[in-house]
Amino acid sequence: MEPTGRSGSIVAGVSASSEQPSTRAAGARRTGGSDSAGRAGGAGAAHAAAARTAAQQLIRLDRATAALDPPFAVVDLDAYRANARDLLRRAGGRPIRLASKSIRCRALLERTLASDAGFRGTLAFTLPEALWLADNGLRDLLVAYPTADRAALRILADRPDDAGIALMVDDVAQLELIERAVAGSRTDPAGASNAAGGGGTGGGHAPPRPIRLCIDADAGWWPLGGRIRLGVKRSPLHTSEQVTALARAIVARPAFRLVGLMAYEAQIAGVGDRPPGRPLMGAALRTMQRLSARELAQRRAAIVAAVSAVAPLEFVNGGGTGSLELTRAEPAVTELAAGSGLYGPTLFDAYSRFSPLPAALFALPIVRRPGPGVATALGGGYLASGPVDRARLPRPLLPAGLRLDAREGAGEVQTPLLGAAADGLRVGDRVWMRHAKAGELCERFAELHLIEGDVIVETVPTYRGEGRTFL
Ligand SMILES: Cc1ncc(COP(=O)(O)O)c(C=O)c1O
C-alpha cells in the first residue's frame, strides 16, 4: 500500500521548537495532563498536551476506529509526536539515529527522519533490511548486529553504491566471513587485496569499493575486577587494547574501511530504574547505572581516542531510548540511537527520567463473557522477546481497570480480562492493549492506522505488510 498525500504531515511538528498543540490537545491540557490509564506526561508542556484522561482517550480512539473490526493496530500520532519531541529534548541537540527494529514501519521511519534534522540516519537490524531500505531511497544505514548472510553481502558488494551502509563487527572471524562471501563479486575487495599485494590476478580493474565497517565495543560494567559482569552478551571487545587490535586488523585489509564505533549500554538504556512496586530494587538499579555510566564515560573516551589514532571515525554511536540524557553527556559520543520511545511500549513505563506516552496500541474484540468480572477478547497473545517474565506480556490499557488473568496470561486465540471494568463490556465491544516492546507489534499486523485527534488520517503498511519479515 502506498502512503497517501497526507503523509508528509504525519510527523510534522516534531521539531523541538514547534510547541503548537492541536486544538484537541490544548483541550486535553485544560482537563489535566494526567492519564490515569497510562502515563503522567512528566516531560514538559508538549507532553502534557498530548496526555488525556482515560475516558477522553477511550472516546476518541473508539470514535476514530468505529468502522473497523478488531483486531487491528494503531499509532496515535498525537502521542507519537509528543514522544518524538521528548526524545529530541532529551538528546539535547545530539543527533538520534532511528532504531528501525523498534519501528518496523517504513512510512513512519522515513517521515520521522524527514521531520526534524535531530533525527539522522537509521540503525537497521539486518543487512537484508538495510538493502531494502536503501532500494527505497534511505541512506546512512548502520546495521546494528553482525551479519552472516552471504547472499546479502554479495548484493551489497555488487551495488553500484553502498548507500552509506555500514556493517557491525567485533571479531576477525566476521571479517573473514565477509571476505569469503564477496570474493568474486563485481566489486570484489579480495581481488583488490590481491592486486594491491601484487600477487593476484585481478590487476588492471578499477579498485573496488571497500565495505564500510563499524566496531561494536562492549559497554558492560565489570566491577570487582571483572568478578561481576553487568550488561548484555554482545561484543567480546571490552578494553581499549582489544578494540584497537580489531581496528588495526580492519585497516590492514583493503576490503574494508573502518568508519564508526558503537557501544550500547544495555544495562542502563534497557533497564527501567523505577520498577513498579519495588522501590529497593529501583534504588539499587539507579546506583548501579550511575556507577556504570561513570565507568563507561571514561572507557568509551579512551577507546575512541585510541581507535581514532588508527583510523578517522565518521561517528561514535551510543545509548538508546532509556539513556539519552546520560549518553549525550559524553563528549566522545557523536550520535545517539533510539526507537522505542516513539511507540511508548510498557517496558518503558519503568524509567524515572522520562515517561513516553502509549502511542502504538492494538484493539481486540470482546467475544464472550464467561462470568461476572471477566470479559474474554479474541487473540492477544503477542508476547515480547526476552527472558520469561510477566513484563513481556501485553497489557490492557482501555477501558481502565482491566488486568490479565495470572494463569492464562495473553492467549493464542483468547485473552480473558479481569476487573471491575469487565462487567461494563459486552460482546462486540473492544479493548485497547499495549505491547511490552515497540517494533515487535508490527510483526502481528500488516498495517497501522494513524490516528490524529478522533480520526484515522492514514493507514500505512508495516514491514510485514510490505511482505518483509527480517527477524
Ligand atoms: C545497538 C542498539 N542501540 C540502541 C538500542 C535502543 O533502541 P530503543 O531506543 O528502541 O530501546 C538498541 C536496542 O536494543 C540496540 O540494540
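A crossing of two helices is called left-handed if the near helix is turned anticlockwise from the far one by less than a right angle. Keep that handy for the first exercise, and remember that you're looking at a predicted model.

**Exercise 1. Describe how helix α6 packs against helix α7.**

Step 1: Two packed helices are described by the angle between their axes and the distance between the axes.

Step 2: Find the pair. Helix α6 covers residues 127–135 and helix α7 covers residues 150–158; their axes come within 9 Å and cross at roughly 35°.

Step 3: The crossing of α6 past α7 is left-handed.

Step 4: List who touches whom. From α6 you get Leu 127, Pro 128 and Leu 131, and from α7 you get Ala 152, Leu 153, Ile 155 and Leu 156.

Step 5: Sort them by class. The contact has seven nonpolar residues, with no polar and no charged ones.

**Exercise 2. Work out in what order the eight strands of the barrel follow each other, and how β2 pairs with β9.**

Step 1: The order is β2-β3-β4-β5-β6-β7-β8-β9, with parallel pairing.

Step 2: Look at β2 and β9. Strand β2 (residues 96–99) pairs with β9 in the parallel sense, over three bridges. Here Ile 96 sits opposite Leu 336 of β9.

**Exercise 3. Find the strands that are joined to β10.**

Step 1: Start with β1 (residues 72–76). Four bridges join β1 to β10 (residues 360–371), and the two run antiparallel. In this pairing, Val 75 stands opposite Ala 360.

Step 2: Move on to β15 (residues 430–434). This strand is also antiparallel to β10, with four bridges; Pro 365 has Arg 430 as its bridge partner.

Step 3: Finish with β11 (residues 374–378), joined to β10 by three bridges, antiparallel again. Gly 371 is the bridge partner of Val 374.

Step 4: Peek at the turn. The hairpin of β10 and β11 has two residues between the strands, and Gly 373 takes a positive phi near 75°.

**Exercise 4. Characterise the shell around the ligand.**

Step 1: Pick out the nearest residues. There are 14 residues around the ligand, and Ser 102, Gly 320, Thr 321, Gly 339 and Ser 340 come nearest.

Step 2: Ask which elements give two or more residues to the shell. They are β9 (335–338) and α14 (340–343).

Step 3: Sort by class. You get eight nonpolar residues, six polar ones and no charged ones.

Terms used
Residues numbered from 1 in each chain as written. Predicted model: local features only at pLDDT ≥ 70, side-chain atom pairs only at ≥ 80, totals over all residues. Near = placed C-beta within 6 Å. Nonpolar A, V, L, I, M, F, W, Y, C, P; charged D, E, K, R; others polar. Pairing = 2+ DSSP bridges. Axes fitted to C-alpha atoms, helices over the stretch in contact; angles between N-to-C directions. Contact = placed C-beta atoms within 7 Å.
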